[in-house]
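Hi,

Here is the structure I said I would pass on. Have a look at it first, and my notes on what turned up follow below.

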Amino acid sequence: MSGPRTGFSDDIGDVSLLWWGDDSWTSARGVRESALVQRVIALDMEGVLTPEIWIAVSEGTGIAELGRTTRDEPDYDALMQYRLDVLAAHDVSLSQIRSVIAELPLLGGAREFLDELRHRWVVVLLSDTFEQFDDHFLELMGYPHLLCHRLDVADDRILGWRRRVHDAKRLAVQAYRDLNYHVTAVGDSYNDLTMLRSAHAASLFRCPPTLVEANPDLPAMSDYGDLLRWITDVELQTADSKRSG
């Protein structure tokens, strides 16, 4: 391998990148990456990095009906209307929900995994959670870029919800693709499938067995170390493809 082109280097955070003149980069970590491929890693939040909020609220309030998630009901609108009906029937306030969320930790190893991704690539969280639920987790995660929805609230009661747009996760992935990013997506539930199917590379993570069985072409993992290695392998395969193309 020849040395780097004289006088051409780029420092990004704590990682120094050097151009070798063959359309690849070598980082201070010793990983060669394609100079022509910029990556976005798109992650679902709940179930991938954080506990499932509604399951925690169910346990915290003692209302079993609130434990139903997108793993149980693929129709998100139907699920949210069901949740609102249950909240109204039990007179559960937004403050009560936020107090439950405020006690939740990240999933074990999630912050370290997220930090490692952010050292190497652009990371975005694409979630069907709500702005009024996310401040606690954003602080724990070091304030990543999160795209989600918003609740309609009056007198501390949740009256409705507003989607950013319909099928927001898929549209976000497609928008990054339209900007010529290589998108790798990770999700755990039915509401992630359109996002996963729109990405260049996708994996399921800690998802129900029925979802794995219904999507045998998608890799499925349950360990952050395995997931990080898979994401890295996608990087190397993409770089090799660019060099040989």
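This is a predicted model: local features need pLDDT of at least 70, side-chain atom pairs count only at pLDDT 80 or more; totals for chains, interfaces and linings use all residues.

**What I found**

Helix 1 itself covers residues 53-61, and its buried residues are Ile53, Trp54, Ala56, Val57 and Ser58. What do they pack against? The partners of these buried residues are helix 2, helix 3 (94-101), strand 6 and helix 5 (135-140).

Stepping back to the whole chain, there are nine helices and 11 strands. The chain has 245 residues, and 49% of them count as buried. If you take the contacts between residues at least 6 apart in sequence, 54% of those join residues at least 24 apart.

Seven strands form an open sheet with mixed pairing, in the order 8-7-6-5-9-10-11. Which strands stand at the edges? They are strand 8 (157-162) and strand 11 (220-221); each has a single partner strand, so one side of each has no neighbour in the sheet.

Asp152 has Gly160 of strand 8 as its bridge partner. The two strands make a hairpin with two residues between them, and there Asp155 takes a positive phi near 50 degrees.

Over at strand 11, the pairing is with strand 10 (residues 201-205), in the parallel sense and over two bridges. Here Leu204 has Ala220 of strand 11 as its bridge partner.

Helix 4 (residues 110-120) lies across strand 5 (38-43) and strand 6 (122-130), and runs at about 160 degrees to strand 5. Helix 6 (residues 168-178) also packs on the sheet, where it touches strand 5, strand 6, strand 7 (145-154) and strand 9 (181-187). The direction of helix 6 makes about 160 degrees with that of strand 6.

How many cavities of 30 Å³ or more does a search of the whole structure find? There is one, and the volume of the largest cavity is about 170 Å³. It is lined by 17 residues, of which Glu46, Glu52, Thr70, Asp128 and Asn191 are the closest to its centre. Helix 2 and strand 6 each supply at least two lining residues, and strand 6 gives the most, with four. By type, the lining of the largest cavity divides into four nonpolar, six polar and seven charged residues.

There is also an open space to look at: the second largest pocket, with a volume of about 240 Å³. Its lining has 16 residues, and those closest to the centre are Asp128, Arg163, Asp167, Asn191 and Thr194. Helix 2 (76-89), helix 6 and helix 7 (193-198) each bring at least two residues to the lining of this pocket. That lining divides into six nonpolar, four polar and six charged residues.

Cheers

Key: Residues are numbered from 1 along each chain as its sequence is written. Side-chain values use heavy atoms; hydrogens and water are left out. Two strands pair if DSSP finds at least two bridges between them. Contact means heavy atoms within 4.5 Å. Axes are lines fitted to C-alpha atoms, for helices over the stretch in contact, and angles run from 0 to 180 degrees between N-to-C directions. On a 1 Å grid over the protein atoms alone, a cavity is a set of points where a 1.4 Å probe fits but cannot get out, and a pocket is an open set with protein on both sides within 12 Å along at least five of seven lines; lining residues have an atom within 4 Å of a point. Grid points are joined across faces, edges and corners, and a volume is the space filled by probe spheres set on the points. Ala, Val, Leu, Ile, Met, Phe, Trp, Tyr, Cys and Pro count as nonpolar, Asp, Glu, Lys and Arg as charged, and the others, Gly among them, as polar. Buried means under 20% relative accessible area, exposed over 50%, partly exposed in between (1.4 Å probe, protein chains only).
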